[in-house]
Amino acid sequence: MAASSTSDREGFAEWAHARMDALVRFGAALAGADGAEDLVQTALARTWAAWPRVERRDDPEGYVRRVMVNTQIGEWRRRRRRAGVAVAPAPAFVAESSDTMLDPAEPLWSALRALPPRQRAVVVLRYCEDRSELETAALLHCSVGTVKSQAAKGLAKLRLALGEESS
């Protein structure tokens, strides 16, 4: 039994190390640069508890990303309740090919920050992470129809915001 436990720990550590950069990039898209590593750490800690079961599935990264999305949505809700208004933290996106952050003052990122949390999560998953509607629905625990409507509303708000800023 102890050998299995050691094997599980080694397998988890190897997997987490191999996927860390991609998970931190995804975390930055959801929680901003300041919260990305904390979000990943929280998700990995929660995944560790279920690792033997998660590892047997075909998509452990999907499981971790789902935990990240759920954790971040919970944080947005807690902030909104405390503040009494909708609060979405500023995203800071990491370029895929480098370790540098893209400029969060860019109009697109400012418009993305203004989206409600659910629309922002859908837009990030669909268009920054290039997830399908089905994958996005599974990650957010909602229907494909909700993903479609939230994506349409989010993109419309982005177009409107970017159109107003460029005028």
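This is a predicted model: local features need pLDDT of at least 70, side-chain atom pairs count only at pLDDT 80 or more; totals for chains, interfaces and linings use all residues.
Local features need pLDDT of at least 70 and side-chain atom pairs count only at pLDDT 80 or more, while totals for chains, interfaces and linings use all residues. Residues are numbered from 1 along each chain as its sequence is written, and side-chain values use heavy atoms, with hydrogens and water left out.

**Aromatic pairs**

- Rings of Phe, Tyr and Trp (its six-membered ring) pair up if their centres lie within 6.5 Å; planes under 30 degrees apart are stacked, over 60 edge-to-face, and the rest tilted. By that rule, the count is three aromatic pairs.
- One of them is Phe12 with Trp48, a tilted pair at 5.3 Å centre to centre and 55° between the planes. Phe12 sits in helix H1 (residues 2-31) and Trp48 in helix H2 (residues 33-49), so this pair links parts of the chain 36 residues apart; helices here are DSSP runs (H or I, at least four residues), numbered from the N terminus.
- Phe12 counts as buried at 11% relative accessibility, whereas Trp48 is partly exposed at 35%. The cut-offs: buried is under 20% relative accessible area, exposed is over 50%, and partly exposed is in between (1.4 Å probe, protein chains only).
- Phe12 also pairs edge-to-face with Trp51, at 5.0 Å centre to centre and 75° between the planes. Trp51 belongs to helix H3 (residues 51-56), so this pair ties together parts 39 residues apart in sequence.
- Trp51 is buried, with a relative accessible area of 2%.
- Put together, ring pairs join Phe12, Trp15, Trp48 and Trp51 into a cluster.

**Charges over rings**

- A charge sits over a ring when NZ of Lys or CZ of Arg is within 6 Å of the ring centre and within 35 degrees of the ring normal.
- Arg65 has its charged end over the ring of Phe26, 4.8 Å from the centre.
- Over the ring of Tyr127 you'll find the charged end of Arg126, 5.3 Å from the centre.

**Cysteines**

- There are zero disulfides in the structure, going by cysteine sulfur atoms paired within 2.5 Å.
- Cys128 is partly exposed at 34% relative accessible area, while Cys142 is buried at 18%.

**Helix H6**

- H6 (residues 117-128) is mostly covered, with nine of its twelve residues buried.
- Among those buried residues are Val122, Val123, Val124 and Leu125, along with Arg120 and Arg126.
- Just after H6, Asp130 takes a positive phi of about 55°.

How values were computed
Helices (H or I, at least four residues) and strands (E, at least two) are DSSP runs, numbered from the N terminus.
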